[in-house]
Amino acid sequence: MHPKVLGVPEDIRQYLLAHEMGHALHRHGKVAFLAFVILVTLYAVSPVLCAWIGWAYILAVLVPYGLGDRAEFQADVTAVKVLGSPYAVIRAQQEVMAVMGESITPRRERRWRKLRALAQT
């Protein structure tokens with residue numbers, strides 16, 4: 001956790017822990033680590049092959065499917081289950097963004113729309 005968020009209120013810390021727990025439950029770190037190991041191993045065998053496969057992976061998987069965004073949304077859904085409300089997650093994210101000095105991106109807005117839709121179901 002970034003030192004700037006250590007002083008946030010308890011409910012925001014609960015959100016942060018629930019969100020990170022979501023990454024662990026969905027094994028996001030393991031997938032990223034395995035992809036890294038494969039690319040490093042390929043680089044040792046053939047840097048050119050590594051470059052081709054790396055770019056193919058980025059263009060064929062990451063760009064169209066937005067795995068980074070999907071992983072963040074999955075972690076957010078876990079936080080919703082823990083906190084009990086998508087609105088609590090959005091409010092916590094807004095608080096963390098304010099502390100970190102971040103602005104709201106279109107990608108974040110899309111995730112918030114999807115979170116709000118969870119409340120409608």
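Colleague: What conventions apply here?

Modeller: Residues are numbered from 1 along each chain as its sequence is written, and side-chain values use heavy atoms, without hydrogens and water. In this predicted model, local features need pLDDT of at least 70 and side-chain atom pairs pLDDT 80 or more, while totals for chains, interfaces and linings use all residues.

Colleague: Which residues of helix 1 are buried, and which are exposed?

Modeller: Buried means under 20% relative accessible area, exposed over 50%, and partly exposed in between (1.4 Å probe, protein chains only). Helices are DSSP runs (H or I, at least four residues), numbered from the N terminus. In helix 1, Ile12, Tyr15, Leu16, Ala18, His19, Gly22 and His23 are buried. They lie on the same side of helix 1, because they cover an arc of only 165° around the axis, taken from the directions from the axis to the C-beta atoms. Leu17, Ala24 and Leu25, on the other side, are exposed.

Colleague: Which members of the largest nonpolar core touch the most others?

Modeller: In soluble globular proteins, nonpolar side chains tend to be buried together. A nonpolar core is a set of buried Ala, Val, Leu, Ile, Met, Phe, Trp, Tyr and Cys residues joined through side-chain atoms within 4.5 Å. Here the largest has 17 residues, and Tyr15, Leu16, Val89 and Leu115 touch the most other members. Helix 5 gives the largest share, 5 residues.

Colleague: What does Val89 contact, neighbours within four places in sequence aside?

Modeller: Contact means heavy atoms within 4.5 Å. Val89 contacts Tyr15, Asp76, Ala79, Val80, Leu83 and Leu115.

Terms used
Helices (H or I, at least four residues) and strands (E, at least two) are DSSP runs, numbered from the N terminus.
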